[in-house]
Amino acid sequence: MTTMAMPQPTASEAAVRYLITNYSPKGNKVGWLMMASILVEAWDLYSIAFVLIFIKEQYNPDPLMLGLAAAGTQGGALIGALLGGWLSDKIGRRVMFLVTMVMFIVLALAQAFVPDVTWLIVIRFLLGIPLGSDISTGYTYIMESMAKGEREVMGNRWQFMFAVGEVLTIGVIVIFLLLDIHHETLWRVTLGLGALPALIILLMRHDVPETAVWLVQKGRYREAKQVAREMFNDNLDMLPDQDVAVPKTSTRAFLADLKKDPIRWRATLYGWIACFAQASEFSTFAFYLPVLFVMVGVSSVLGINLVTMALFSFAALSGWVGPLLTPKIGHRGIAIAGFSIVLVSLLVAAFALYTDNKMLLPFAAAGMLWGHYWDASNCMTIPTMVARPQYRGTASGFAYMFVKLPSFLAIFLFPTLFAAIGQANATLFVAIFPVIGLLAAIFILPEVYGYEND
């Protein structure tokens, strides 16, 4: 009986396999640089939540226009996630994260000078495009620049960076309130300030090279070997010194490729569900916490901002602890724990609203945020990590689409739900989302911590 020999990997396949399992001494630095852009996204996405009352005070738009002003960035990010992930695979990671930062700067400044709410909606929609693109590109870069295990811990820190960005945003607004700055100046400067960290990150990213994995996939071996020497102190001797023509891969084959591997498919499917569930729970209850606190009379405007800043500081601690626990309890463990905590916390919050217990509500909100920053931590990491390198940007962008679509719809429509069924019933309704995420974590997600793609 004869046996068939397994096909030997090509030089390109061998190089990619080596790169995605090798440790980069500069990986943590690069990872943090990619994560830093989330500070900008947090500022641009969520600063609007803390200044909506001042925009409403000045222009008095109808609820539809106000909802679009709040949700416009999320709508643009939906397009940016899909377009940016696809372009990242086509033209490279480095080009995309530089372009998105330039767009950040221009559009963040532009929203500070809008003449009315209509223009604010247009600018914030356009601003969402680089926001969505940068996340998918940044995740792709991290997964191709860090070793397995370490790349997952770094990827799971995105919620920590979101919390830090939100705390910084609230801190600036609190300072402006204490200085008694005119409300129009306050909201314009707050929105425009997003350009400053974007400029700093652009300057820091300028010299970051293209990933060696992407260069190998494109047959640009000379550049790949140069980058590997800089990043890995390795010459990639398995590659020739000349560039080669590599057949183009079809992005349309992305989904078909996923289904070839049950583990990759189930992990990705879970990532999509978790992205949808965590975005829905946050963009309904947590995004509108300042508005909810005002409606139920928790404190003054200044007091509510201080309470909210304390809550997101607590959330930042959760966002730091969750990734550190992931190597110990795995992706399934952190997901199950996170969605469980959110579910219990939302039920307590609904109880507090039903019974008019204003003191209990902030504690329920703290529990909800703690759990949310765990259950949301790996929903982008998992689909990006398990994807094949040639589809990694597409995979990241596709997953982020499941974050931005519910975020847009929830932020846009939740005030209407508030008005229609009341705060308590609306909060109870939100509890369906952690239930969905919890069931997906238990029954769909395989443990993929340390997963090594072929």
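Phe433 is buried, with a relative accessible area of 12%, where buried means under 20% relative accessible area, exposed means over 50% and partly exposed lies in between, computed with a 1.4 Å probe on protein chains only. The model that holds this residue is a predicted one, in which local features need pLDDT of at least 70, side-chain atom pairs count only at pLDDT 80 or more, and totals for chains, interfaces and linings use all residues. Residues are numbered from 1 along each chain as its sequence is written, and side-chain values use heavy atoms, with hydrogens and water left out.

The structure holds 18 aromatic pairs. Rings of Phe, Tyr and Trp (the six-membered ring of Trp) pair if their centres lie within 6.5 Å, and the planes count as stacked when under 30 degrees apart, as edge-to-face when over 60 and as tilted for the rest. Trp265 is partly exposed at a relative accessible area of 25%, whereas Trp272 is buried at 9% relative accessibility.

The rings of Phe276 and Phe433 have centres 6.2 Å apart and planes at 70 degrees, so this pair too is edge-to-face. It links distant parts of the chain, with Phe276 in helix α13 (residues 262-286) and Phe433 in helix α20 (residues 432-443), 157 residues apart; helices here are DSSP runs (H or I, at least four residues), numbered from the N terminus. Phe276 is partly exposed, with 33% relative accessibility, in contrast to the buried Phe433.

Ring pairs also build a cluster, which consists of Phe254, Trp265, Trp272, Tyr391, Phe398 and Phe402. A charge sits over a ring if NZ of Lys or CZ of Arg is within 6 Å of the ring centre and within 35 degrees of the ring normal. Arg157 is placed in this way over the face of Trp320, 4.9 Å from the ring centre.

Turning to charged side chains, the structure holds 10 salt bridges, a salt bridge being a side-chain nitrogen of Lys or Arg within 4 Å of a carboxyl oxygen of Asp or Glu. Glu184 and Arg188 form one of them, at 2.9 Å from N to O. Because these two residues are four residues apart in helix α8 (residues 183-192), they are separated by about one helical turn. Glu184 is partly exposed at 28% relative accessibility, while Arg188 is buried with a relative accessible area of 15%. Arg220 and Glu223 form another salt bridge, with their closest N and O atoms 2.8 Å apart; Arg220 is partly exposed at 30%, and Glu223 is partly exposed at 35%.

Asp257 and Arg264 also form a salt bridge, with the closest N and O atoms 3.8 Å apart, and both of these residues are buried. They belong to a network of salt bridges that links Asp257, Asp261, Arg264 and Arg388.

Helix packing can be followed between helix α3 (residues 63-91) and helix α18 (residues 392-421), which meet at an angle of about 170 degrees with their axes 7 Å apart. The axes are lines fitted to C-alpha atoms, for helices over the stretch in contact, and the angles run from 0 to 180 degrees between N-to-C directions. The angle makes α3 roughly antiparallel to α18, given that angles under 35 degrees count as roughly parallel, over 145 as roughly antiparallel, 65 to 115 as roughly perpendicular and the rest as oblique. The contact of α3 with α18 has 16 nonpolar, nine polar and three charged residues, where Ala, Val, Leu, Ile, Met, Phe, Trp, Tyr, Cys and Pro count as nonpolar, Asp, Glu, Lys and Arg as charged, and the others, Gly among them, as polar.

The loops deserve a look as well. Met238, in the loop between α11 (221-232) and α12 (254-258), is partly exposed at 34% relative accessibility. Met238 and Ala14 are 224 residues apart in sequence, yet 7.4 Å apart in space from C-alpha to C-alpha. Asp180, in the loop between α7 (158-178) and α8, has a positive phi of about 55 degrees although it is not a glycine, and it is exposed at 66% relative accessibility.
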